[in-house]
Amino acid sequence: MTAQEINFDGLIGPTHNYAGLSLGNVASSKNAGGVARPKLAALQGLEKMRLMLSLGLGQGVLLPHLRPHLPTLHALGFRGSPERMIADAHTADPALLRVATSASSMWTANAATVSPSADTLDGKVHLTPANLATMLHRSIEHPFTEKMLHTIFHDQTHFSVHSALPGGTHLGDEGAANHGRLSGDHGHAGVEMFVYSDKSGGRYPGRQTLRASQAVARLHGLSPERTVFMQQANAAIEAGAFHNDVVSVTNGSVLFAHSGAFENQPAAMESLRIAYPALEVVEVAEAVVPMADAISSYLFNSQLITLPDESMILILPTEVQQTLSTAAYVADLLTHNTPIKQARYIDVRESMKNGGGPACLRLRVVLTEAEKSAVDQRFLMDAKKLAVLEAWVKATYPDEIRPDDLGDIALHRQCLEALDALTKTLNLGSLYEFQAL
Ligand code: SUG
């Protein structure tokens, strides 16, 4: 069965800001309090989608969530009009308001885990929204993500959309950022790789529990012989690799990874090779690219893509080009005999400053032709729709946001108007809660 990869990117929302909310995410902490540029951020995201289309790939979008998230403020005891709730939260607990205002849903690699139909027992595409329990600002994403996935993948003959896992941090799940897949061709049954952490103590938390990964594999009906659980290296998390996709990425038969990505890496590679004998590991040694450079440049948070001619291309953030060790590594890699034949650099700097590279901004969904036709087409992009979205961003987004702006009621109104205009632009009806009032 032939199938293609469609990347669903998160449209970067109008409240994009640097609030320093993610412990263990070095870029988020480093840039806390800085001036963010939501309009520029969203335009950079659209440009990436345009590049993917130009390379012959399918492209979809997931919508920004409404922020500040009034249901969270309400659940925490704030009452009255939206204006009152926001003003009171800003006075009582500004940090809480920052949590409720994050545009973090842009990083759709954390929206869900997706298993293509070739891998699952019932032959459907399975999707489980991630509970994102470890970070408070992200733990409020899954209800709207689930609603959106139900809308996009509504056809139950092809798709099975689960609920996020229960159990809070006991079953912390961060979605596709800790999940990879190896397969000769997207349409063939693959081996799914779940990467978990059992880290306790230290400076930074692990976010993905083994039990959560096991539960997702069970829910998706994956064959145990073609499912591998691998442990994230504690040292990588301590160095700032809060998700495994900061230090490794898979595509086709290739695993591109730093040599310090996994706990006991030689044994981990062996278990992967037993499950998937055709595995091609492109491993980068510490002496060639130090872990600190891998994390600051996001070398491995690139999108590794199979082009229509079957060769592979790396879509890398410009930070890789600006880091000596990684720029030299990529130039050298292209002279070697690996399936990776090309590299392209893109500017997603606004997202990078919050720890989100090209791969964080997309959720990979492998679909057959029939499945692709069953997807809600309003969420699939072409050049024309991207141009319309570009005009929408330019017309409705704030140019700059400082942390102090987050209590500003005018910003809230601007966001409501922007999202309302978005649903009209894409003809989506009343998808947001505030539109049902
Ligand atoms: O969860 N940053 C996100 C970045 C997610 C990156 N995703 C992947 N690696 N797939 C996070 O840490 C920062 C928000 C702030 O500090 O304002 C933030 O949530």
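Start by selecting Phe 8, Leu 11, Leu 63, Phe 153, Phe 262, Leu 389 and Leu 422: among the 85 residues of the largest nonpolar core, these touch the most other members. A nonpolar core here is a set of buried Ala, Val, Leu, Ile, Met, Phe, Trp, Tyr and Cys residues joined through side-chain atoms within 4.5 Å, and buried means under 20% relative accessible area (1.4 Å probe, protein chains only). Helix 2 (residues 38-54) gives this core its largest share, six residues; helices are DSSP runs of H or I, at least four residues, numbered from the N terminus.

Before you go on: this is a predicted model, where local features need pLDDT of at least 70 and side-chain atom pairs pLDDT 80 or more, while totals for chains, interfaces and linings use all residues. Numbering runs from 1 along each chain as its sequence is written, and side-chain values use heavy atoms, without hydrogens or water.

Now zoom in on Leu 11. Beyond its neighbours within four places in sequence, its contacts (heavy atoms within 4.5 Å) include Leu 46, Met 49, Val 61, Leu 389, Trp 392 and Leu 422. Then pick Val 249, Val 284, Val 289 and Leu 333, which belong to a second, separate core of 18 residues.

Next, helix 4 (residues 82-92): its buried residues are Met 85, Ile 86 and Ala 89. They sit on the same side of helix 4 because they cover an arc of only 95 degrees around the axis, going by directions from the helix axis to the C-beta atoms. Show helix 3 (70-75), helix 5 (94-101) and helix 17 (409-425) too, as they are among what covers those residues.

Last stop, the ligand. A polar side-chain atom of His 137 is 2.7 Å from a ligand oxygen, and a side-chain N or O atom of Asp 245 is 2.7 Å from a ligand nitrogen.

Notes. Buried < 20%, exposed > 50% of the residue type's maximum accessible area, 1.4 Å probe, protein only. Helix = DSSP H or I, 4+ residues; strand = E, 2+ residues; numbered from the N terminus. Polar contact = N/O pair within 3.5 Å; in protein donor to acceptor, adjacent residues only side chain to side chain.
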